[in-house]
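Biologist: Can you put the model up on the screen? I would like to go through it with you.

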Amino acid sequence: MSNNHDQACIASIEAIIVDLPTIREHRLAMTTMSRQTLVIVRLRCDDGIEGVGEATTIGGLSYGEQSPESIKLALDRYISPLVIGMSAASANAVLAKVDQSVQGNSLAKSALETALLDAQGKRLGVPVHALLGGAVRNSLPVLWTLASGDSARDIDEARQLLDVRRHKVFKLKIGKRSPRADIEHVAAIKSALGDLVEITVDLNQAWSEAVAARHIPDLQAAGVMLVEQPIAKENRRGLARLAQRFIVPIMADEAVSTPADMFDYACEGAAGIVALKIAKSGGPLGVMRTAAVADAAGVGCYGGTMLEGTIGSIASAHAFAACRTMEWGTELFGPLLLKDDIVVERAAVADFELAVPMAPGLGVAIDEDKLAFYRRDQ
Ligand SMILES: O=C(O)C[C@H]1C=CC(=O)O1
Ligand SMILES: [Mn+2]
């Protein structure tokens, strides 16, 4: 069985590092960002179709083990030579080949897989979510992270975003200050904004299990909706113990990347929530596999971000739209944290939701002038 679609081959892969300014400083437990660096993948096929993908880290190497520079190196030096000339019609076959020879490097794999799905969607005239089995929802609720480092400024920012009906769920990045200072900050924001909003907190692994056991009740008393990754990612059993101990749900983020991580976490009896990210799972198809394990184990799904720009966020949106359940919403606000982007039409949130594109492929086009302006090698 062969037709023109099967015959299109991967002709070239270009990985481009792009530095974009953010609208304000973004403070996390491990780093403060004032710009964001994207790695944009352009995958050209010999039928003239191009697919695009994105891999984005947070604060260079301060969040995870892959940097923009290492992602580009992995793609240029190791991944591209393996896959050039392969059929562009099967992301499964291409990624299986890459997995045989390249360990880890989930961000580089995610950008490649996204670009293949974008190209194949364009080739077949269908959106990426159709390649993932079809959308279960056409739009996704999107929260906003308040991380200016200042309670009064965060409250103002939240009020404005609520007024314009952009966000009604807010995530607070804590863990940089003492637990007491953090809890005062959380309680001040929740009591200023009241029942109109939901508040979540992300510790980004900042607490020990003992400190978490002591202070999660305070977060619960302040009215937070969920507590994200309070302790070290390696302590998956401890995370499961916390999930069993408290009523406020515990969400695993850094602790769970692959389907195997999800299986291991679920086997420890964790009944919490997992933050799915294309970057952690190696692409939209990887997210679908991780989500299937979460569903089987009764772990709730949440659509996470690595603060990607429009390309990565829309790729995530296609996957999250196709997941069976996504009951805890999403945080695909990355494009809104950027002052500018390298696409023709930037992702936008209206009425608290991000619309999932219906155009072929991702439904996102590169703005060549902006890419030329922001790429690091120019
Ligand atoms: O969740 C993370 O750990 C990373 C990211 C997501 C939102 C945000 O502000 O940072
Ligand atoms: Mn997180």
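This is a predicted model: local features need pLDDT of at least 70, side-chain atom pairs count only at pLDDT 80 or more; totals for chains, interfaces and linings use all residues.

Biologist: How many helices and strands does the protein have?

Modeller: There are 15 helices and 13 strands in the protein.

Biologist: What is the radius of gyration, and what would a compact globule have?

Modeller: The protein has 20 Å. A compact globule of 378 residues would have a value near 21 Å, so the two agree. Along the principal axes, the C-alpha atoms fill a box of roughly 60 × 45 × 35 Å.

Biologist: What share of the residues is buried?

Modeller: Buried residues are 51% of the 378.

Biologist: Now the sheet. Which strands form the open sheet, and in what order?

Modeller: The order is S5-S6-S7-S8-S9-S10-S11, which is 7 strands with parallel pairing. At the edges are strand S5 (144-146) and strand S11 (300-303), and each pairs on one side only. On average, neighbouring strands of this sheet are turned by 30 degrees against each other, direction ignored.

Biologist: How many bridges join S7 to S8?

Modeller: 3 bridges link strand S7 (residues 198-202) with strand S8 (residues 226-228), and the two run parallel. Across that pair, Thr200 stands opposite Leu226 in S8.

Biologist: What holds strands together in general?

Modeller: Strands of a sheet pair through backbone hydrogen bonds.

Biologist: Changing topic: which residues surround ligand 1?

Modeller: Among them are Ile58, Lys173, Asp202, Asn204, Asp253 and Glu331.

Biologist: And how many of the shell are nonpolar, polar or charged?

Modeller: The shell around ligand 1 has 3 nonpolar, 4 polar and 4 charged residues.

Conventions: Residues are numbered from 1 along each chain as its sequence is written. Chains are lettered from A and ligands numbered from 1 in the order in which they are written. A residue is near a molecule or strand if its C-beta atom, placed from the backbone, lies within 6 Å of it. Ala, Val, Leu, Ile, Met, Phe, Trp, Tyr, Cys and Pro count as nonpolar, Asp, Glu, Lys and Arg as charged, and the others, Gly among them, as polar. Helices (H or I, at least four residues) and strands (E, at least two) are DSSP runs, numbered from the N terminus. The radius of gyration is taken over C-alpha atoms; the globule rule is 2.2 Å times the number of residues to the power 0.38. A residue is buried if 20 or more other C-beta atoms lie within 10 Å of its own, exposed if 12 or fewer, and partly exposed in between; C-beta atoms are placed from the backbone. Two strands pair if DSSP finds at least two bridges between them. Axes are lines fitted to C-alpha atoms, for helices over the stretch in contact, and angles run from 0 to 180 degrees between N-to-C directions.
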